[in-house]
Amino acid sequence: MSDNSVRGDGLFSPAAYAREDESADDAFYVVPRRVVHIDDGAIDALGRLYTEVLPTGGRLLDLMSSWRTHLPLGFPAEVVGLGMNADEMSDNPQLARVVVHDVNRDPRLPFGDAEFDGATCAVSVQYVLHPLRLFREVRRVLRPGAPFVVSFSNRCFPTKAVAVWLNSTDEQHLTLVRAYFESAGGFEDVKDVDRSPRGYGDPLYAVWARAGSV
């Protein structure tokens with residue numbers, strides 16, 4: 001399902017979603033990488049944003065998950081992690097359930113309709129080959145009114161990031177992710193923010209919206 005002819009889902013040409021390393025993603029991620037991809041200041045900024053936007057006491061989907069979700073410690077929610085490496089996710093103390101799934105191979109999420117009260121995708125959207133299909137799937141598995149928070153910084157694995165991301169500025173990344181929400185449809189009240197900590201360190205940007213009524 002990752003054929004070049006459908007990359008980008010028509011938002012841009014398939015060439016915009018080319019990558020330097022076109023090898024299978026499951027081979028690239030087979031080795032656990034127990035590292036955080038943003039520094040402590042950006043992690044704190046993301047945690048504060050999650051506290052503001054995500055509901056408590058519900059069921060959350062951590063999309064493209066790993067060994068850390070960046071939710072504040074003790075955040076009251078049942079979190080389901082969907083990612084590429086079971087070993088990494090098994091070390092994530094905030095995950096109640098782990099699902100191994102490659103969204104670039106198959107954008108359809110292995111969940112039923114309206115299963116989640118919120119969703120997150122932290123510092124991973126730059127690797128997505130089929131953004132509109134994936135965002136539509138996230139909308140499908142969210143209950144009406146549930147938020148989907150997509151965050152990113154200026155770091156990435158450059159050989160696996162898509163060309164349109166590598167060739168864009170941080171400000172353009174905000175515009176790009178906003179376009180994913182708006183072009184996918186089914187989301188309301190799209191917001192984009194720069195939550196970068198003051199001073200030195202990693203920047204932190206986010207775009208989020210709420211699932212509309214079906």
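A: Start with the cut-offs: buried means under 20% relative accessible area, exposed means over 50%, and partly exposed is in between. The model is predicted.

Q: Fine. Where does R155 fall, buried or exposed or in between?
A: R155 has a relative accessible area of 39%, so it counts as partly exposed.

Q: And what does R155 form a salt bridge with?
A: With D202; the closest N and O atoms are 2.7 Å apart. R155 sits in the loop between β5 and α5 and D202 in the loop between β6 and β7, so the pair links parts of the chain 47 residues apart.

Q: Is D202 buried or exposed?
A: Buried, with a relative accessible area of 11%.

Q: How many salt bridges does a search of the whole structure find?
A: The search finds 16. One of them joins the side chains of R195 and E52, at 2.7 Å from N to O.

Q: What does the pair of R195 and E52 tie together?
A: R195 lies in the loop between β6 and β7, while E52 is in helix α2 (residues 40-53), so the bridge ties together parts 143 residues apart in sequence. R195 is partly exposed at 25% relative accessible area, and E52 is exposed at 52%.

Q: What about E115, which residue does it form a salt bridge with?
A: R59, with 2.9 Å between the closest N and O atoms. E115 is in the loop between β3 (95-100) and β4, and R59 is in strand β1, 56 residues apart. E115 counts as partly exposed at 22% relative accessibility, whereas R59 is buried at 17%.

Q: Which residues are linked in a network of salt bridges?
A: R108, D113, E137 and R140. E137 and R140 are also among the buried residues of α4.

Q: OK, α4 then. Why call it largely enclosed by the rest of the structure?
A: Because 9 of the 11 residues of this helix (residues 131-141) are buried. They are P131, L132, L134, F135, E137, V138, R139, R140 and V141.

Q: What do those buried residues of α4 pack against?
A: Strands β1 (59-65), β4 (118-122), β5, β6 (187-194) and β7 (205-211), plus helix α6 (170-184).

Q: Switching to rings. How many aromatic pairs are there in the whole structure?
A: A search finds 10 aromatic pairs. One of them is F152 with W165, which is edge-to-face, 5.1 Å centre to centre with 85 degrees between the planes.

Q: Where are F152 and W165?
A: F152 is in strand β5 (residues 147-152) and W165 in helix α5 (residues 163-166), so the pair ties together parts 13 residues apart in sequence. F152 is buried, at 0% relative accessibility. W165 is buried too, with a relative accessible area of 4%.

Q: And F181 with F187, why is that pair edge-to-face?
A: The planes are at 85 degrees, with the ring centres 5.1 Å apart. The cut-off for edge-to-face is over 60 degrees. Both F181 and F187 are buried.

Q: Which cluster do ring pairs link them into?
A: The one made of F135, F148, Y180, F181 and F187. F135 is one of the buried residues of α4.

Q: Last one: what lies over the face of W67?
A: R68, at 3.9 Å from the ring centre.

Definitions and conventions
Residues numbered from 1 in each chain as written. Predicted model: local features only at pLDDT ≥ 70, side-chain atom pairs only at ≥ 80, totals over all residues. Heavy atoms only, no water. Phe/Tyr/Trp six-rings, centres within 6.5 Å; stacked < 30°, edge-to-face > 60°. Helix = DSSP H or I, 4+ residues; strand = E, 2+ residues; numbered from the N terminus. Buried < 20%, exposed > 50% of the residue type's maximum accessible area, 1.4 Å probe, protein only. Lys NZ or Arg CZ within 6 Å of the ring centre and 35° of its normal. Contact = heavy atoms within 4.5 Å. Salt bridge = Lys/Arg side-chain N within 4 Å of Asp/Glu carboxyl O.
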